[in-house]
Every structure is written in structure tokens, then in C-alpha cells.
Amino acid sequence: MAVVNKTRNMLEGLVKEGSFKWLTRRRSSFDEEIEDMKMSPSAGKNWLPELSLTANVVVHRCSKILGLSLCQLRENFDAEVSDFLKNQSSFARIFLEYCCFLALAWSIHVNGYLDDKKFRRLTFDMMVAWEFPEADSEPFLHADDDVTVGIEAFSRIAPAVPVVADVVVGDKIFEVLAASTSNRLHFSVYDKYLIRLERAVRKLQTQSESSLLSSLRSGRREKILEVDGTVTTQPVLEHVGTSTWPGRLTLTDHALYFEALSVVSYDKAKSYDLADDLQQVVKPDLTGPWGTRLFDKAVFYKSSALSEPVVMEFPELKGHTRRDYWLAIIREVLYAHRFVIKHRISGLERDEVLLKAIFGILRLQSLKEMSSTLPLCFDSLLMFNVCDQLPLGDLVLEKLVNTLAMGKMDKKKAVTSGNGVCSSSALSLASNLGFVIGKSCGVVNSNGPVVGEIAVGEMTPLQKAVKEARSSYENVVLAQATVDGVKVDGIDTNLAVMKELLSPVMEIWNCLVFLFSWEEPLKSLAFGLVFTYIICKGWTGHALATLFIFFAVFMLLTRYFGQGKPIDELKVTAPPAMNTMEQLLAVQNAISQAEELIQDGNILLLKCRALLLSIFPQATERFAFALLVLALLLALLPVRYIFLLAFLEAFTRYSPLRRSSTERWMRRLRDWWFSIPAAPVILKRVNEDKKKR
């Protein structure tokens, strides 16, 4: 009784002190619940003093959904959560996550939950409470319209409902939703997104239940994801060789179908498979009349099952948004099946992977409908597209494989133990959204506080992999910006840059030419005796090791003494500007190809310069460490053994035993190389008076 009186006094005191003044202006969604909690005889049992007002209201809602009292929730929390998490300073947020995730795991197994405004409001309020979980924190609001949430809260709560977001692209979805509201998400926008998402789900269900391509889809129970070309003003054109046909294009979760338009109906559909391993190539392409390549509005499709490639054109008045959208969703389905084939995923786990791709396309359709006037980066909103582009994206997919395997084990344990807590995995939600893929299982083990791909109070391995990949991607973006900044136009200008970059090498080469020419016999004789002695003694490896050590020490010293100092920019004297005739000659195809090769060579040299000057310290440390290791190998091993190891490494690189590891290391090397910025370049123009002289 004392606890009840204390809680009532605390609530009444908060009102008297003005802490709830924002509630007296306009009634919010919390008002009635706050009053019920305050006036209830069991007020002390419905309130945790460690939680904020908002968090207490949300936990109260969760307890109603789960059919458990607050005391029972607290007992279950103490029993299921590790001591490490319970002893954390952020107890309020961890306990809130525990209640929210369990409540969502139950709520999303109700048919049509996206159409329920109470559910939409609940998930948003969970995000608000997540931002202000402690008792001494509370949002300064006047009404529901003032409530906003940030990216961390959205990325933490939204993935608990797999159709709303996932851990890979959750932050990008938030950025689109909050683009016009200073990176804070309002409930009105979030509610609109979930309504559009529910419409996309119903559209998918209606299309998949229609008779469209039913004879071709029935074998694999394919779901129709998108249809285009039904409106005469926006046709889809299929180019095969020199033939062009307008028609209807249909994408399912297994294939791409094109039906050429005849006089009164459509011809028999052509099927372009995306599910089997047919070495498919899907990329953007150019089209135009009479074989010209003018309009960047097409998708190129090629596979080993076709005798010649196919080009699907998506005409529109300006831009290529329509093509980019189709390219992204086609690749999403293709990459999902490649992921399944590569990791030999089958059964329910395979169905769940495909459903993740379907959910991603549904989310993209919803955002596309909401942001019809704003350009969207479609591939950044689709999980498998993102993993294909991200550095370390393959590691994210490997963690996803582990997550699927753990989910499979949990389902088996749940079936044998009889536990009845519902899973929030993508597959188990399909039937509640109105369609079924495979034979979904509706239970998982409830002994651990893990819900789908998120865990209470901590990051799952998948989330950690995504975070690391995002961090690496930021480095790649910064490095690519420096690369784009140092690219120069014109073959003569690129040659001037390359000449300046190679000037130290040319100096050494000229010195060697001078020594080999015996223009000064004493110097040449001394050089010859020294190197003859080194070769006779077998000190070639030691000499190379000394050279590598010199470069490694030079880079480390440069980094140590160059911290905080401006970067030494490469100064290049640009050649005189070309006249009209010279410019016409320079644009010839052969010269353009040569220019591109020289440009790429400059980028390579500029990145090497960046390593030497320690512009990117992390890469410099790794490169210096690699040089030191190589120096030790050369110093300690006989040369003949080194040559033998080099041969064996090259010869067995793509053997069956080493193929997977080689691909992984090549991927790591590529990611590392792309993360290295290019050294800056300044073009120094000659004065006009000097040019005239």
C-alpha cells in the first residue's frame, strides 16, 4: 500500500510541478493511459520508477499484449537476460527493448496488422520511448504531432517488424522518410509509409492470385512482384538482335517474363530465368534507332541459356528513373538466388531468403509512391543490392547465413519443447500479410531474448557486420571523392601528370643508364663490383629486404612527422591548350581508350603516392606491415624456396581447395585498394607571355 501511495504522490507531484504541462494543451495518445495508470488501485504495480513516463506507458501496453503483469515481465527479464546486461547502466532501455520485442513478436502474427492504426502508433511510440527511456528523460512535446524520432531509434525498433525494415537498409529507409523534416521522423510520415506498405502487400497478393502467367508460375508458386508495359503511353520494348517489340514485362520472385503485344492480345510469354545458375548478366544499357547507342534507358540481360542477349527498354521523356527501378528489383531477385545457390540454402531458409528480397521490393514500392517527386537511389534500399556493393558485404551475407542456421535450430527446439512464442522472422509473417511462401513455422525458442535479427541490449553479429561494412563504405566514398577530384581531361594533360609522377623513377632510370653507359668508368666500375659481390654472395634477398625496410620506415616516419601538416600536393605544369583541330583529333576512339588507360595509371600512381605520404594512415600501416613481413621472408628464406613458394601459390590459387579462400582474399584486397584515397593534384598553367616566347 505504501508503494501505491508513493506512486500516486509521485504522479500527482509531477502534474503539480508542471512536468505534464504539455499534456494540458492538447490531449495526446498517452493521456487516457496515464490517467488509468494513476487512478488504478494497482498503480504501484503498473509503474517502474526507473522508467520515464513514455517508457512506462509503452511497457504497460506491452504487458497487455503479452497478457503478463509488470511484475511477471520483470521476473522473466531477470530470468532470461544475462547478468552482464542486467548490470548495465542503461537498464531502462534494455528492459524497454525486452518488452517491446516480445510484444512485437506477438503483435505481428495478427492478420492485417499493418492496417491497424493502433499497431502503427504502438511501434512509433516504442521508438519515442527508446529515445527517452530513463526516468529523468522525457521529450518536450505538446501533442502527438510534435513527436519525432531519430535514426537510432528507428533502426533499433523497426527491424523487429521485418516487412517494415531490416538491419541492412534500415538507416537508408529512415533517411528517405525523414529527408524533408531535418532527419527527424514524424508519425504522420511513418504512418503514411506503413499504409503504403500495406497497400503494396495487398497489391502483391492480388497480382499473385490473378491468372496472369498462371500456367508458367504454378510449378514454383511464383509471386508477381511488378508488372509494366500495360499502359500504351509507357510501353516496354524488347530488343533481340535487330528486332524490337512492345509488350508487357512481369517480374516474379523467380523469373522475368515478357509478352509481346499483338493486335488484340499478348503473345506467349518469354521466360528469362533468375533462379538457376545460368551465369546471368544484368546491367544498364544504351539503345537508339538503327542500332545507335543514344538513350540510357534500358536493361541488358544475358545468360548461358540464351543464344543472344536481350535488351529491355523503358522509354520516358526525361531521365532514366523507370529503368533504374527495374534494374534494381531485377538484380535484387537475381542476387537473392545467387546467395541461395552459393551457400546451398534450401527448405524454409531458402523461402525466407526470397521473402527478404520480396519485402525489400515492397518497401521500395511504398517509398517510391511516397516520394514520387524526389529521386531515390533504388539499389541502396534493397538488401542484396547493398551487400553486393558494400565493402565487406560478403561478410554481411555470411552472418545472414549464420542467422538463418540459428533460426533453424531454434525452430527445431521450439517444436520439441512445445514453446509457443511466435517468431518475427520474415517467413513466419508471410501468411499474416495475406500470402504464403513455403511451409512456414510459427514458433521459435523463447528461452533467449533474441527476436529475428535483433537482440535485446546488444548488437547481433549481423548488425555488427553491417556497421563495419557501413564504416568501410564511408572510407571508400571519401577515397573515391579524392579519385574523382584528381582526374583530369585531355590526353596531353594526363601525360603531363604521369610524367611528373614518374619523375623520381625516371631519375633513377637515367642514373642506371648513366652507369651502364660507362661515361665515367670509375663510377661504373664501382657499381659493377658492388652488385657482382652481392649476387655472388647470394645477398639479393637482403638487398631487396633493405629496400622494402627503407620504404616502410620512410612511410612510418612520414606519418609520424607529417601529422597535422598540410599534404604536399603534386604540382604539374599543364601543357598549352589545344586548338580546334587538335581537339577534334583528340576525340578519336583510339585516343580516348589511351586516355582512359593513362588516367587509370595515374590513379594507381597517385594511390601509391598517398600510401608513401601516409594520407590514409590505416592503409599505410597495413602496407608498411606487409612490406616488413615480406622483408623478413626474403631475409630468412633462401631465394630458391621463395621462388618455389611463389610458383606454388600462383599455380594452386584457383584449385578446388583454395578457390573460396582466394575469392575472399581478392575481395579483401579490392576493398582495401578502393579505400585508399588518391594524392591531390594541382595543375599549374603556364603564363601566356611565356607561351608566346
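In helix α8, the buried residues are Phe119, Arg120, Arg121, Leu122, Thr123, Phe124, Asp125, Met126, Met127, Val128, Ala129 and Trp130. Buried here means under 20% relative accessible area, exposed means over 50%, and partly exposed is in between, with a 1.4 Å probe and protein chains only. Before going on: this is a predicted model, in which local features need pLDDT of at least 70 and side-chain atom pairs count only at pLDDT 80 or more, while totals for chains, interfaces and linings use all residues. Residues are numbered from 1 along each chain as its sequence is written, and side-chain values use heavy atoms, with hydrogens and water left out.

Back to α8. The helix runs over residues 117–131 and spans 22 Å from its first C-alpha to its last, close to the 21 Å expected at 1.5 Å a residue; the expected span is 1.5 Å times one less than the number of residues. Helices (H or I, at least four residues) and strands (E, at least two) are DSSP runs, numbered from the N terminus. Because 12 of its 15 residues are buried, α8 is largely enclosed by the rest of the structure. What provides the cover? Among the elements over the buried residues of α8 are α4 (53–66), α7 (91–107), β1 (148–149), α9 (151–157), β2 (185–186) and α11.

That brings us to α11, residues 187–209, where glutamine 207 lies. Is glutamine 207 buried or exposed? Glutamine 207 has a relative accessible area of 17%, so it counts as buried. Contact means heavy atoms within 4.5 Å. Leaving aside neighbours within four places in sequence, glutamine 207 contacts Arg217, Ile224, Leu225, Glu226 and Val227.

For comparison, helix α5, residues 70–80. Leu70, Leu73 and Phe77 are buried there. They lie on the same side of α5, because they cover an arc of only 60° around the axis; the arc is that of the directions from the helix axis to the C-beta atoms. Glu75 and Ala79 are exposed, on the face turned away from the buried side of α5. An α-helix has 3.6 residues a turn, so residues three or four places apart point the same way.

Now the cores. A nonpolar core is a set of buried Ala, Val, Leu, Ile, Met, Phe, Trp, Tyr and Cys residues joined through side-chain atoms within 4.5 Å. The largest has 123 residues, and Phe95, Phe154, Val164 and Phe384 have the most contacts inside it. A second, separate core has 18 residues, including Ala624, Trp672, Ala678 and Val681.

Next, the strands. Two strands pair if DSSP finds at least two bridges between them. Strands β8 (residues 281–287) and β9 (residues 295–302) run antiparallel and are joined by six bridges. Valine 282 has tyrosine 301 of β9 as its bridge partner. β9 also pairs with β10 (residues 310–313), antiparallel, over four bridges. There, phenylalanine 300 is opposite valine 311 of β10.

One pair of residues further along. Glutamate 500 is in helix α19, residues 491–501, and is partly exposed at 33% relative accessibility. Threonine 573 is 73 residues from glutamate 500 in sequence, and 8.6 Å from it in space, C-alpha to C-alpha.

Finally, the chain as a whole. It has 28 helices and 14 strands. Of its 693 residues, 45% count as buried. Of the contacts with a separation of 6 or more, 68% are between residues 24 or more positions apart.
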